[in-house]
Amino acid sequence: MIKVDLEGCRPFAANMEYQEYVSGAKRALMTLDSGTGAGNDFLGWNELPSETPKELLDACLEVVDSWLEKEIELIVVAGIGGSYLGARAAIEALSHSFSREMNLTASPHVVFAGHTLSEEYMAELMDLVYMKNTAVVVISKSGTTTETAVAFRLLRSHLERQYGPEEAASRIVAITDASRGALKSLADRNGYRTFVIPDNVGGRFSVLTPVGLLPIALAGFDIHAMIDGARQMQRICDVPDETNPAVKYAAMRNLLYNSGKKIEILASFNPKMSFIGEWWKQLFGESEGKEGKGLFPASVTFTTDLHSMGQYIQQGERHLFETFLKVENSRREETIEHDEENSDGLNFLENTNLEHCNDMAQLGTRLAHIDGGVPNITISIDQLDEYNLGQLFYFFEKACGLSAYMLGVNPFDQPGVESYKKNMFALLGKPGYEELAEELRRRIDE
Ligand code: PA5
């Protein structure tokens with residue numbers, strides 16, 4: 001069960017003030033659940049876990065089986081932003097850190113494309129694709145995102161050349177809008193299997209739709225358990241009081257923001273969780289960063305980054321707070337052994353589990369940073385598995401919706417993302433952007 005511990009905020013936030021923010025979070029919960037707030041046509045994610053039909057999960061597993069039958073070795077998942085980060089976060093968190101090197105799983109190896117325009121990355125990915133029995137999942141809600149479309153064009157051409165159009169089509173799944181967009185038309189024309197991203201679910205809230213579920217299932221993980229975890233969290237996050245962890249978290253992060261802490265650092269203590277930080281950054285950054293407002297979300301992996309960012313966090317500008325993402329129970333055990341010579345001086349740790357060392361590092365860091373003026377929220381989950389990740393995804397989505405409403409912004413739009421796209425299209429010579437292209441060239445030549 002997810003727990004939100006606010007002890008590390010006590011020195012920075014008076015209880016009375018916190019209670020006012022809790023009232024604000026409860027009001028935000030009512031607004032969100034009653035569908036009366038800004039962006040209310042994008043609330044599909046709120047009820048999604050309880051409304052996910054078994055047939056959808058079965059359909060994902062059908063793709064898994066059919067590609068296992070074809071002995072697919074490599075699955076390229078093409079997508080960006082909300083159409084990419086959740087799947088990657090889950091797959092990295094759940095995979096053995098060295099599964100690739102050890103050739104561990106019976107499942108195909110999942111890699112990602114369409115999240116970058118780097119030529120070198122794409123060329124190197126194609127080197128791999130040429131060597132492997134490959135299938136592709138292309139994910140784009142709009143169906144027009146440049147990064148994804150460019151990668152998919154390269155991948156599709158290769159599959160068609162390699163296997164012929166019909167076999168290629170059976171190795172491609174498109175996840176997109178039910179009826180609109182270039183990807184939907186392409187899929188219909190070529191007979192690709194498709195999954196729908198519901199109209200009322202925005203990209204960064206879509207990890208529990210086929211956008212996340214299909215890649216996660218293809219990587220060999222249990223999507224039933226993930227949805228079960230999300231369902232349980234959906235029930236918990238509906239409760240309008242402080243037992244609701246989303247209310248607690250949204251209340252405290254808004255309090256801290258209004259008291260001058262403008263940066264929230266999400267810190268995990270396991271390198272496998274660093275992409276959860278990437279997913280979380282998009283969720284909160286794109287939902288809250290607008291109208292000149294919003295916490296800047298940053299992420300670190302401790303203890304690794306204590307040796308790089310630790311100095312700043314301890315003693316730099318005091319405009320930040322930390323949210324620790326703690327996993328209560330390690331699923332593996334490594335114990336420090338006795339060494340007769342003790343030349344490294346570590347015998348005081350003999351018979352100690354490494355996770356105990358990690359826990360003490362967390363506790364020590366938390367206390368040191370609090371002493372340094374950095375408030376700390378700790379969010380804990382029981383263990384790193386599908387069930388708990390389902391809980392975590394839903395919890396953060398709910399907390400994000402509440403938090404953005406408390407801030408007074410629409411969590412479900414992203415008007416600022418368009419600016420770079422317009423400039424890029426103009427500079428690349430896309431038809432329709434001639435005037436902007438001229439204006440930009442004038443600016444560049446000045
Ligand atoms: O959260 C969002 O809406 C964005 O990050 C989108 O997911 C991202 O831009 C990709 O869009 P699309 O799925 O339309 O290709």
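Trainee: Where is Asn 342 found?
Mentor: This is a predicted model, in which local features need pLDDT of at least 70, side-chain atom pairs count only at pLDDT 80 or more, and totals for chains, interfaces and linings use all residues. Residues are numbered from 1 along each chain as its sequence is written, and side-chain values use heavy atoms, with hydrogens and water left out. Helices (H or I, at least four residues) and strands (E, at least two) are DSSP runs, numbered from the N terminus. With that in hand, Asn 342 belongs to the loop between strand S9 (320-327) and helix H15 (354-371).

Trainee: What is the phi of Asn 342, and is the residue buried, exposed or partly exposed?
Mentor: Asn 342 is not a glycine, yet its phi is positive, about 50°. For cover, buried means under 20% relative accessible area, exposed over 50%, and partly exposed in between (1.4 Å probe, protein chains only). Asn 342 has a relative accessible area of 26%, so it is partly exposed.

Trainee: Which phi does Glu 71 have, and is Glu 71 buried or exposed?
Mentor: Glu 71 sits in the loop between helix H3 (54-69) and strand S2 (74-78). It is not a glycine, and its phi is positive, about 55°. Because its relative accessible area is 61%, Glu 71 is exposed.

Trainee: Which residue is joined to Phe 302 by a cis peptide bond?
Mentor: Look in the loop between strand S8 (296-301) and helix H14 (310-315), where Thr 303 is found. The omega of this cis bond is about 5°. The partner of Phe 302 is Thr 303.

Trainee: How many residues of H10 are buried?
Mentor: The buried residues of H10 include Pro 210, Leu 213, Ile 216 and Leu 218. H10 is mostly covered, and the count of buried residues is 9 of 9.

Trainee: How many residues surround the ligand?
Mentor: A residue is near a molecule if one of its heavy atoms lies within 4 Å of it. The closest are Ser 83, Ser 140, Ser 142, Thr 145 and Gln 282. Nonpolar here covers Ala, Val, Leu, Ile, Met, Phe, Trp, Tyr, Cys and Pro, charged covers Asp, Glu, Lys and Arg, and the others, Gly among them, are polar. By these classes the shell has 1 nonpolar, 9 polar and 3 charged residues, and the number surrounding the ligand is 13.

Trainee: What share of the ligand's accessible area does the protein cover?
Mentor: Oxygen atoms of the ligand lie 2.7 Å from a side-chain N or O atom of Ser 83, 2.7 Å from a polar side-chain atom of Ser 142 and 3.0 Å from a backbone N or O atom of Gly 82. On its own, the ligand has 380 Å² of accessible area, by the Shrake-Rupley method with a 1.4 Å probe.

Trainee: Why are Arg 88 and Glu 92 separated by about one helical turn?
Mentor: Their side chains meet in a salt bridge, 2.9 Å from N to O; the term means a side-chain nitrogen of Lys or Arg within 4 Å of a carboxyl oxygen of Asp or Glu. At 18% relative accessibility Arg 88 counts as buried, while Glu 92, at 27%, counts as partly exposed. An α-helix has 3.6 residues a turn, so residues three or four places apart point the same way. The pair is about one turn apart because both lie in helix H4 (residues 85-94) at a spacing of 4 residues.

Trainee: How many residues apart in sequence are the parts tied together by Arg 180 and Asp 199?
Mentor: Arg 180 and Asp 199 form a salt bridge, with their closest N and O atoms 3.0 Å apart. Arg 180 lies in the loop between strand S5 (172-176) and helix H9 (182-190), and Asp 199 in the loop between strand S6 (193-196) and helix H10 (210-218), so the parts they tie together are apart in sequence by 19 residues.

Trainee: How many salt bridges does the structure hold?
Mentor: One of them joins Glu 7 and Arg 10, whose closest N and O atoms are 2.9 Å apart. Salt bridges also link Asp 33, Asp 238 and Lys 398 in a network. The total for the structure is 20.

Note on methods
A polar contact is a pair of N or O atoms within 3.5 Å; within protein, one must be able to donate a hydrogen and the other to accept it, and residues adjacent in sequence count only if both atoms are side-chain atoms.
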